[in-house]
Amino acid sequence: MEDDLVKNEEQLSAVDACIVAANDAHNQARRVGIGFYDRQDMMRTAYRNAMPRLGSQQDISDFIACVSHGMMFDYIDDKLGSKLLYAAQVAMTNLQRTPKPKTAAEKLHREETKTGLPDSS
């Protein structure tokens, strides 16, 4: 699977971006002679740092995919993974509760409904 990464960064999925970050960290650490276990820690950190922020529904979905993949391939340990998935759940709930801004047409319709007349302001 990891060999099938798309080369163009604009086309990378969030999981692919995390894998690329981890692999880049591994390669850089290996070039300078950092030991195996320290390289593993650097890979895990780079993987987590490349994960999307929890700003939109798509970002949250991508974040969940990264956490799931990271747990399967030992970039993220189970205890941290559980906390991250809970954070994603809280973010999704909060996002769904956040009222969407009204458009000008919706505001006008609301005013007309209240008064029975178009708003003259």
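Predicted model: local features only at pLDDT ≥ 70, side-chain atom pairs only at ≥ 80, totals over all residues.
Q: Let's start with salt bridges. How many are there?
A: The count comes to two.

Q: What does R44 pair with inside its own helix?
A: With D41. The closest N and O atoms of that salt bridge are 3.5 Å apart. R44 and D41 both sit in helix α2, three residues apart, which is about one turn of the helix.

Q: And what is the N to O distance between R44 and D74?
A: It is 3.1 Å, and the two side chains form a salt bridge.

Q: Where do R44 and D74 lie?
A: R44 lies in helix α2, while D74 is in the loop between α3 (57-72) and α4 (78-97). They are 30 residues apart in sequence, so the pair ties together separate parts of the chain.

Q: Which residues end up in one network?
A: D41, R44 and D74. They are joined by salt bridges that share partners.

Q: Why does R44 count as partly exposed?
A: Because its relative accessibility is 22%, and buried means under 20%.

Q: What about its two partners, how accessible are D41 and D74?
A: D41 is at 44% relative accessibility, so D41 counts as partly exposed. D74 is at 46%, so D74 also counts as partly exposed.

Q: Switching to R39. Where is it?
A: In helix α2, which covers residues 36-49.

Q: Is R39 buried or exposed?
A: R39 is buried, yet has no salt bridge.

Q: Which side chain of opposite charge is nearest to R39, and how far away?
A: D38, at 9.0 Å. A salt bridge needs the nitrogen within 4 Å of a carboxyl oxygen.

Q: So what polar contact does the R39 side chain make?
A: One with the side chain of H26, at 3.4 Å.

Q: What else does R39 touch, leaving aside neighbours within four places in sequence?
A: Besides H26, R39 is in contact with A29, R30 and I34.

Q: New topic, the largest nonpolar core. Which residues touch the most other members?
A: Y47, M51, C66 and I76. The core has 18 residues.

Q: Which elements give two or more residues to this core?
A: Helices α1 (14-31), α2, α3 and α4.

Q: Which of them gives the largest share?
A: α1, with five residues.

Q: Last one. What is Y47 in contact with, beyond four places in sequence?
A: C18, I19, A22, C66, H69, G70, Y75 and I76. Of these contacts, C66 and I76 are named with Y47 among the core residues that touch the most other members.

How values were computed:
Residues numbered from 1 in each chain as written. Heavy atoms only, no water. Helix = DSSP H or I, 4+ residues; strand = E, 2+ residues; numbered from the N terminus. Buried < 20%, exposed > 50% of the residue type's maximum accessible area, 1.4 Å probe, protein only. Lys, Arg positive; Asp, Glu negative; His and termini not counted. Polar contact = N/O pair within 3.5 Å; in protein donor to acceptor, adjacent residues only side chain to side chain. Contact = heavy atoms within 4.5 Å. Core = buried A, V, L, I, M, F, W, Y, C linked by side-chain atoms within 4.5 Å.
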